[in-house]
Structures are given as C-alpha cells and as structure tokens.
Amino acid sequence: MKYQVNFFVNEEPVELYVDANKTMLTVLREELDLTGAKEGCGAGECGACTVIMDGKPVNACLVLAPELDGKHITTVEGLADRKGNLSPLQEAFIKHAALQCGFCTPGFLMTATALLKENPHPTRDEIKAGISGNLCRCTGYKRIIEAIEDVAAHTEGGERK
C-alpha cells in the first residue's frame, strides 16, 4: 500500500506516494536524489544519515517514509545558500580539515547545525555530548570539535553575524 505524503525538503514542497516500509533515507536518496545523507549502519547508531526534521536532528534510517507527512526536512544539500555559498559550519570544516573520507561529514554537519541553533555558544563538553551520536573512523574528533567551536565563537547560532 502506498501513502501520500506532503512535506518540505530544503524549503521546497514535495508530494510523493511512498511504501509504508521505506525509510526517509531511502526516499531522500532514491526518490529525491539527495545523496548527502549516507547509510552507515541502518540502525541509528552511527549518525551518517542525520538530517534535521522540524528543527531536530534525526537518523533518517529510523524514520519511516509515511512519517514525513507535514514535516520540514533539511539535508546537507540545504545548508548552502541559494547562491551556493557554503554555510559557516561547512567553511569551518574545510578550514580545520575536519574531514577525510567525507562519509560521516554530512551527518556531523547536520548534528552540529542543529546544536548551534539550539545552543549558539556551547562549551566543549556540550559539543562533545551533542555529537556523541555521530561516529568518525578517519579524523578522530579533535578537528570536528575545533570547527564547531570556531563557528560558535564567530557566528550567532551558526548564522553569519
């Protein structure tokens, strides 16, 4: 059975008919060709599929597609502005070399974006707690934390001052 869902992705309206057993991650990647969110574990343990749903970070692999109805979703593709300028957080990840293979980077960016909106000036311990649901096997976490700290020190909630 297919369910009609109407929702927004990166501020654009979307109407789809989805299977009840498909996940948001599958819909984003296969139906909408938004491939930034990655499937790492498929069990909500690694954070590679993190997107923002109604202002909160969620694991897209755990949200069933019919639950999208009426929601506002932001993916990593929606962080840059309409002109293609990267967000301050994306720029900070580059500046601090807070990525290597890039597989986990979209999830970290989405988690950190939500953290900075909720808490514009987190402490190092709050940043560590905020990103604790995201795993990185390449960089470690030092540079990721430094990038988030840089944005917190120079922006207001991750937005340019």
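In the hairpin of β3 and β4, two residues sit between the strands, and D54 takes a positive phi near 50°. This is a predicted model, so let's walk through it piece by piece, beginning with the strands around that hairpin and moving on to the helices and the domains.

**The hairpin and its strands**

- Strands β3 and β4 run antiparallel and are joined by four bridges.
- Within this pairing, M53 stands opposite K56, a residue of β4.

**The whole sheet**

- What is the order of the strands in the open sheet? Reading across, the five strands come as β2-β1-β5-β3-β4, and their pairing is mixed.
- The two edge strands are β2 (12-19) and β4 (56-59), each of which pairs on one side only.
- From one strand to the next, the twist averages 40°.
- Strand β1 (residues 2-9) runs antiparallel to β2, and eight bridges join the two.
- In that pair, look for V9, which stands opposite E12 in β2.
- Helix α3 (residues 105-118) packs on this sheet, where it touches β3 (50-53), β4 and β5 (72-74).
- The direction of α3 makes about 35° with that of β3.

**Helix α3 with helix α5**

- As a reminder before we compare helices, two packed helices are described by the angle between their axes and the distance between the axes.
- The axes of α3 and α5 (residues 142-154) come within 11 Å and cross at roughly 35°.
- The crossing of α3 and α5 is right-handed.
- On the α3 side you will find F108, A112 and L116, which meet I144, I148, V151 and A152 of α5.
- What classes of residue make up the contact of α3 with α5? There are seven nonpolar residues, with no polar and no charged ones.

**Helix α2 with helix α5**

- Helix α2 (residues 88-95) and α5 have axes that come within 9 Å and cross at roughly 135°.
- α2 and α5 are therefore oblique to each other.
- Their crossing is right-handed.
- α2 brings P88, L89, A92, F93 and K95 to the contact, while α5 brings I144, A147, I148, D150 and V151.
- Sorted by class, the contact of α2 with α5 has eight nonpolar, no polar and two charged residues.

**Helix α2 with helix α3**

- For α2 and α3, the axes come within 10 Å and cross at roughly 130°.
- This pair is therefore oblique as well: that is how α2 and α3 lie to each other.
- α2 passes α3 in a right-handed crossing.
- The contact draws L89, Q90 and F93 from α2, and T105, F108, L109, A112, T113 and L116 from α3.
- How many polar residues does the contact of α2 with α3 have? Three are polar, alongside six nonpolar and no charged residues.

**The two domains**

- The domain assignment of the chain gives domain 1 (2-78) and domain 2 (88-160).
- How far apart do the C-alpha centres of domain 1 and domain 2 lie? They are 21 Å apart.
- The contact between the domains takes 17 residues from domain 1 and 13 residues from domain 2.

Definitions and conventions:
Residues are numbered from 1 along each chain as its sequence is written. This is a predicted model: local features need pLDDT of at least 70, side-chain atom pairs count only at pLDDT 80 or more; totals for chains, interfaces and linings use all residues. Side-chain values use heavy atoms; hydrogens and water are left out. Two strands pair if DSSP finds at least two bridges between them. Axes are lines fitted to C-alpha atoms, for helices over the stretch in contact, and angles run from 0 to 180 degrees between N-to-C directions. Contact means heavy atoms within 4.5 Å. A crossing is left-handed if the near helix is turned anticlockwise from the far one by less than a right angle, and right-handed if clockwise. Ala, Val, Leu, Ile, Met, Phe, Trp, Tyr, Cys and Pro count as nonpolar, Asp, Glu, Lys and Arg as charged, and the others, Gly among them, as polar. Angles under 35 degrees count as roughly parallel, over 145 as roughly antiparallel, 65 to 115 as roughly perpendicular and the rest as oblique. Domain bounds come from an automatic or database domain assignment.
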